[in-house]
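Here is a short briefing to read alongside the model. Take a look at the structure first, and then we can walk through its charged pairs and its surface together.

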Amino acid sequence: MLAHVQHLTSAASSHGPIELRWDIRQPSTGSRRGRRSFRYELMWERHSEFGDVLAQAWENQPRETTLEGLHRKLGAVSNSLRGWNNQSVGNVMWELKKLNLRLEYLRSKPMQTGPSHEEIKTVDRIVELNYREEIMWKQRSWITWLTKGDRNT
């Protein structure tokens, strides 16, 4: 299949968006060696637990007085943030997909006269996750621009 069309449900509009995806296959360039470098995600700051998780990760490490020690401490903090991200924050796009399916189900009930409490909560969560996703893509596009640069010059 070269293209896929999917009708989506919108949380903040009565219009239904349409998603169109192309199947683009890129040749394999071999596997990268080593672990992926740590990337701080700005969207983490929107999560209610973030400040506590960061403070705890920092305080759980001993006080350091050398650059080597600081490097070790920052590595441990980044590992803690990675683990927290995988357990608590998770994949924003996956959660959005799940919530949109739930919203579609809630709105498909034929005898419904207005939005239910669950529907309102689902819409609120979708709006928050959409904002986080926007922050994530804005940050990643900036990183791409910094690494690739302006090819127009």
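A salt bridge here is a side-chain nitrogen of Lys or Arg within 4 Å of a carboxyl oxygen of Asp or Glu. The side chains of Glu-64 and Arg-72 form one, with N and O 3.9 Å apart. Please keep in mind that this is a predicted model. In total, the structure holds seven salt bridges, and some of them are described below.

**The Glu-64 and Arg-72 pair**
- The N to O value of 3.9 Å for Glu-64 and Arg-72 counts because the cut-off is set at within 4 Å.
- Glu-64 is partly exposed, with 27% relative accessible area.
- Arg-72 is also partly exposed, at 48%.

**Helix H4 and helix H3**
- Another salt bridge joins Arg-125 to Glu-95, and their closest N and O atoms are 3.0 Å apart.
- Arg-125 belongs to helix H4 and Glu-95 to helix H3 (residues 92–107), so this pair ties together parts that lie 30 residues apart in sequence.

- Arg-46 has a relative accessibility of 41% and counts as partly exposed.

**Glu-133 in helix H4**
- Glu-133 has its place in helix H4, which covers residues 117–148.
- Why does Glu-133 count as buried? Its relative accessible area is 19%, and buried means under 20%.
- Apart from neighbours within four places in sequence, Glu-133 is in contact with Val-92, Met-93 and Leu-96.

**A nonpolar surface patch**
- Val-5, Ile-18, Leu-20 and Trp-22 make a nonpolar surface patch of about 450 Å².
- Which element gives the most to the nonpolar patch? The answer is E2, with three residues.
- Val-5 lies in strand E1 (residues 3–7), and its relative accessibility of 49% makes it partly exposed.

Key. Residues numbered from 1 in each chain as written. Predicted model: local features only at pLDDT ≥ 70, side-chain atom pairs only at ≥ 80, totals over all residues. Heavy atoms only, no water. Helix = DSSP H or I, 4+ residues; strand = E, 2+ residues; numbered from the N terminus. Buried < 20%, exposed > 50% of the residue type's maximum accessible area, 1.4 Å probe, protein only. Contact = heavy atoms within 4.5 Å. Patch = residues over 30% accessible without salt bridge, like charges linked within 9 Å, V, L, I, M, F, W, Y side chains within 5 Å. Areas by Shrake-Rupley, 256 points an atom, 1.4 Å probe, with all protein chains shown as cover.
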